[in-house]
Amino acid sequence: MSLTKDDIAEAVSENIGFPKNQSIELVETLLELIKKTLESGEDVLFSGFGKFRVKKKKERRGRNPATNGDMMLRPRRVVTFHCSGKLRKRMNQ
């Protein structure tokens, strides 16, 4: 099972005591801030959790699986996540 935005909002509502609609707004605002930061090319760091990083990929040769023909993939940016040492240690206990 995956953790959803609704699950996070529900947990915020229960743990902090915010009304459900305010918790949803808080989660949406946080995620929008993260998206804007990544769009601008900056990293997002959560101490004790990990870092979201924008990585630039160069143009490269690829293969079209439908036709089996070669093609060039254009340059793009992707988001990667690197977990912190604390999170890695906690996951492996």
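Figure 1. Two strands are said to pair if DSSP finds at least two bridges between them. In this predicted model, strand β2, which covers residues 50-57, and strand β5, which covers residues 76-83, run in the antiparallel sense and are joined over eight bridges. Within this pairing, G50 stands opposite C83, a residue of β5.

**Figure 2. The hairpin of β1 and β2.** Strand β2 also pairs with β1, again in the antiparallel sense, and here the pairing extends over three bridges. One of the residues to look for is V44, whose bridge partner in β2 is F52. The two strands form a hairpin with three residues between them, and in the turn G48 has a positive phi of about 80°. F49 also lies in the loop between β1 and β2.

**Figure 3. A nonpolar patch on the surface.** The residue F49 returns in this view, where L30, F46, F49 and F81 form a nonpolar patch on the surface, with about 340 Å² of accessible area together. Is F49 exposed, partly exposed or buried? F49 counts as partly exposed because its relative accessibility is 39%, a value that falls between the limits of 20% for buried and 50% for exposed residues.

Figure 4. Side chains of opposite charge can pair when their charged atoms come close. A search of the whole structure finds six salt bridges, and the one shown here joins E28 to K5, with the closest N and O atoms 3.0 Å apart. This pair links distant parts of the chain, since E28 belongs to helix α2 (residues 20-39) and K5 to helix α1 (residues 5-16), and the two are 23 residues apart. Both partners are in the partly exposed class, because E28 has a relative accessibility of 36% and K5 has one of 43%.

**Figure 5. Two salt bridges that involve D43.** The side chain of D43 meets that of K51 in a salt bridge, at 3.9 Å from N to O. With a relative accessible area of 35%, D43 is partly exposed, and K51, at 24% relative accessibility, also counts as partly exposed. D43 forms a salt bridge with R53 as well, and in this pair the closest N and O atoms are 3.7 Å apart. Elsewhere, salt bridges that share partners join D6, E10 and K20 into one network.

Figure 6. Which residues form the positive surface patch? The patch is made up of K55, K57, R60, R74 and R76. Of these residues, K55 has its place in strand β2, the strand that pairs with β5 over eight bridges. K55 counts as partly exposed because its relative accessibility is 47%, and this value is also over the 30% that a residue needs in order to be part of a patch.

Notes. Residues are numbered from 1 along each chain as its sequence is written. This is a predicted model: local features need pLDDT of at least 70, side-chain atom pairs count only at pLDDT 80 or more; totals for chains, interfaces and linings use all residues. Side-chain values use heavy atoms; hydrogens and water are left out. Patches are made of residues with over 30% relative accessible area and no salt bridge: like charges are joined within 9 Å, nonpolar side chains (Val, Leu, Ile, Met, Phe, Trp, Tyr) within 5 Å. Accessible areas come from the Shrake-Rupley method with a 1.4 Å probe; for residues, only the protein chains shown count as cover. A salt bridge is a side-chain nitrogen of Lys or Arg within 4 Å of a carboxyl oxygen of Asp or Glu. Lys and Arg count as positive and Asp and Glu as negative; His and the chain ends are not counted. The place of a charge is taken as NZ of Lys, CZ of Arg, CG of Asp or CD of Glu. Helices (H or I, at least four residues) and strands (E, at least two) are DSSP runs, numbered from the N terminus. Buried means under 20% relative accessible area, exposed over 50%, partly exposed in between (1.4 Å probe, protein chains only).
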